Amino acid sequence: MDVALINIIGFCFFVGAGAFIGTVGHLVVKDLPLMQRDPNYMSFFFSERKTHARLLITFGLLDAVLFITVFALIGIRDSHL
């Protein structure tokens with residue numbers, strides 16, 4: 001049971017990480033001309049594209065929580081924690 005749970009949560013971590021990387025790649029391709037023209041692009045991004053910013057923050061936090069969970073479950077399974 002522990003192995004299956006660790007495998008499922010680990011798979012979810014990699015799917016979430018892939019979604020985060022894909023979202024960042026999509027935004028870079030979409031906003032590349034704007035990034036090259038505007039030196040203050042990050043402040044523009046967080047003030048004007050709030051939906052995308054929230055999505056990136058959500059994916060990042062979800063990945064961090066899943067990573068910590070997988071790390072803790074592997075430690076418990078191997079009796080390191």
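In which helix does Thr23 lie? In this predicted model, Thr23 is part of helix 1, which covers residues 2-37. With a relative accessibility of 13%, Thr23 counts as buried, because the value falls under the 20% limit. Beyond its neighbours within four places in sequence, Thr23 makes contact with Leu55, Leu56 and Phe59, and of these partners Leu56 and Phe59 are themselves listed among the buried residues of helix 3.

Asp31 is likewise placed in helix 1, and its relative accessibility of 3% means that it, too, counts as buried. When residues up to four places away in sequence are set aside, Asp31 touches Tyr41 and Arg49, and Tyr41 in turn belongs to the largest nonpolar core.

That core consists of five residues, namely Leu27, Tyr41, Phe45, Ala53 and Leu56; the elements contributing two or more residues to it are helix 2 (41-48) and helix 3.

Helix 3 comprises 28 residues (50-77) and reaches 40 Å from its first C-alpha to its last, close to the 40 Å expected at 1.5 Å a residue. Buried positions in this helix are Ala53, Leu56, Phe59, Asp63, Leu66, Val70 and Gly75, a set that includes the charged residue Asp63. Following helix 3 is Ser79, which has a positive phi, near 60°.

Conventions: Residues are numbered from 1 along each chain as its sequence is written. This is a predicted model: local features need pLDDT of at least 70, side-chain atom pairs count only at pLDDT 80 or more; totals for chains, interfaces and linings use all residues. Side-chain values use heavy atoms; hydrogens and water are left out. Helices (H or I, at least four residues) and strands (E, at least two) are DSSP runs, numbered from the N terminus. Buried means under 20% relative accessible area, exposed over 50%, partly exposed in between (1.4 Å probe, protein chains only). Contact means heavy atoms within 4.5 Å. The expected span of a helix is 1.5 Å times one less than its number of residues. A nonpolar core is a set of buried Ala, Val, Leu, Ile, Met, Phe, Trp, Tyr and Cys residues joined through side-chain atoms within 4.5 Å.
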